[in-house]
Amino acid sequence: MPLLRTLNFRDVVLLIIGTVIGSGIFLVPGPVLRNVHNRVGLALLVWLVGGVLSLMGALTYGELGAMKPQAGGLYVYIRDCFGRPVAFLYGWALFFMISSGSVATLAVAFSTYLRQIVPLNNVAAKIVAAAMIVLVAVINVIGTRKSANVQNVATALKVAAILAMTVVLFAFSHQASAAAGVVVQGSLASGFGLSMISVLWAYEGWQYCTFSAGEITEPQKTFPRAFLVGTLVLIIIYLLANLAYVFALGANGAAASDSVAADAVRAVLGAGFAKLISLAILVSMFSAANGLILTSPRVYYAMANDGVFFRKLAEVHPRYKTPAFAVIAGCAWSVVLAVSGTFEQLLTYVVFTGWIFYALGAAAVFVYRRREPNTPRPYRVPGYPVTPLLFVVAAGALVINTIVAQPGRALVGLGLVLAGAPVYLIWSTRSARAAAADD
């Protein structure tokens with residue numbers, strides 16, 4: 001039974017924005033400023049360049065999504081162009097580490113921020129984290145349309161809160177009211193590179209909407225427009241928020257802060273209003289988790305259909321028309337990671353490996369164009385071949401920088417991903433035997 005196409009242009013735009021904006025814009029601007037020696041113009045340039053690079057990737061994926069509007073998205077592009085084993089390794093890493101670990105991270109952070117409003121002991125905090133994942137799982141099981149509606153409302157509230165905060169900081173701050181000295185170390189060039197890694201992390205997540213390609217109406221039109229609009233909105237929001245933080249705290253004050261949004265609001269309006277930022281972050285994290293769970297299980301669904309994952313995950317619920325078992329499986333593993341705390345180690349090691357697959361996804365444009373020149377392409381990435389090439393180079397540079405700067409962590413991460421290779425051999429052999437038996 002195929003998945004129903006129920007997501008429209010507005011849904012996809014809000015899905016992109018909601019999945020990308022988690023906690024990054026509330027926390028990352030301070031370290032970014034520190035890395036570039038408190039130079040506001042240079043920090044804004046980092047955010048702009050990171051946004052433009054993300055836009056190049058989004059425009060490239062727009063062609064892929066319009067050309068191959070199938071459930072699984074990025075997994076499908078890698079499978080078609082670089083082989084099933086490589087695609088499986090991406091799905092393996094996504095299920096066991098990247099997506100599940102990200103959901104667990106958001107859930108635990110959700111309970112942490114909730115502690116600033118409601119007293120919670122450690123056990124209660126773990127229960128809250130698990131309950132948040134279960135709630136989002138239920139929403140996504142009972143209907144893609146319902147999940148999209150929740151995503152739309154949560155994203156709208158999140159964006160409204162950020163914009164309202166920005167306006168308030170501009171209107172009522174007295175500049176540098178909380179300015180503090182901060183020690184600057186390291187070269188400006190290396191600082192720019194470190195800042196770019198943080199900023200690209202804050203922009204990460206737009207790729208996930210490709211997973212839901214099989215449920216998007218008129219994907220040939222929707223995908224390119226949604227990627228363009230969603231990414232441009234993100235760039236504008238991030239630049240405005242960064243300017244507002246500096247306007248409220250001054251360059252030194254913003255650079256000295258690891259919770260810049262809360263510190264900026266506290267400096268301008270007082271401690272009582274800083275709790276409003278905690279509420280905004282709670283909504284932001286819930287929305288980001290919902291976006292991940294709305295999209296990632298579609299990869300597990302596609303893997304199961306390819307015969308390289310649990311067959312049950314390929315089933316569509318007869319009543320709700322969702323990949324319910326894929327949703328439940330992914331969320332169950334996220335609960336285990338959240339409660340046990342092992343997500344921290346997994347994400348520390350493997351999060352950079354995602355960029356290897358993002359680069360392969362963009363490189364798939366070149367393979368498709370050479371291998372399938374006559375396939376209808378209702379949308380072509382502008383600036384081809386420069387646009388996808390720049391994104392591939394940027395993603396590759398990010399991976400290489402991680403390997404050079406943190407070789408131990410990188411090797412462990414690559415090892416965890418490659419550990420899926422023998423699992424693929426088992427699954428593919430089992431699938432081949434089943435196909436032979438059917439014949």
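This report covers helix packing, salt bridges and a nonpolar surface patch.

The model is predicted: local features need pLDDT of at least 70, side-chain atom pairs count only at pLDDT 80 or more, and totals for chains, interfaces and linings use all residues. Residues are numbered from 1 along each chain as its sequence is written, and side-chain values use heavy atoms, leaving out hydrogens and water.

**Helix packing**

Helices (H or I, at least four residues) are DSSP runs, numbered from the N terminus. Two packed helices are described by the angle between their axes and the distance between the axes. Axes are lines fitted to C-alpha atoms, for helices over the stretch in contact, and angles run from 0 to 180 degrees between N-to-C directions.

Helix H6 (residues 84-114) and helix H16 (residues 354-371) have axes that come within 11 Å and cross at roughly 140°. H6 also packs against helix H13 (residues 297-305), at about 140° with the axes 10 Å apart. H6 and H16 are therefore oblique to each other. H6 and H13 are oblique too. Angles under 35 degrees count as roughly parallel, over 145 as roughly antiparallel, 65 to 115 as roughly perpendicular and the rest as oblique. H6 crosses H16 in a left-handed way. The crossing of H6 and H13 is left-handed. That means the near helix is turned anticlockwise from the far one by less than a right angle.

**Salt bridges**

A salt bridge puts a side-chain nitrogen of Lys or Arg within 4 Å of a carboxyl oxygen of Asp or Glu. The count comes to 10 salt bridges. Three of them are listed here.

| Pair | N to O distance |
|---|---|
| Asp306 and Arg79 | 2.9 Å |
| Asp263 and Arg266 | 2.7 Å |
| Glu315 and Lys312 | 3.4 Å |

Asp306 lies in the loop between H13 and helix H14 (324-340) and Arg79 in helix H5 (residues 74-82), so the pair ties together parts 227 residues apart in sequence. Asp306 is buried, at 15% relative accessibility. Arg79 is buried as well, at 17%. Buried means under 20% relative accessible area, exposed over 50%, and partly exposed in between (1.4 Å probe, protein chains only). Arg79, Asp80, Arg84 and Asp306 are linked in a network of salt bridges.

Asp263 and Arg266 both lie in helix H11 (residues 260-269), three residues apart, about one turn of the helix. Asp263 is partly exposed at 27%, and Arg266 is partly exposed at 38%.

**Nonpolar patch**

Ile117, Val118, Phe172, Leu269, Phe273, Leu276 and Leu279 form a nonpolar surface patch, with about 600 Å² of accessible area together. Helix H12 (residues 271-295) gives the largest share, three residues. Phe273 lies in H12 and is partly exposed at 42%. Patch residues have over 30% relative accessible area and no salt bridge, and nonpolar side chains are joined within 5 Å. Areas come from the Shrake-Rupley method with a 1.4 Å probe.

How values were computed. Patch = residues over 30% accessible without salt bridge, like charges linked within 9 Å, V, L, I, M, F, W, Y side chains within 5 Å. Helix = DSSP H or I, 4+ residues; strand = E, 2+ residues; numbered from the N terminus.
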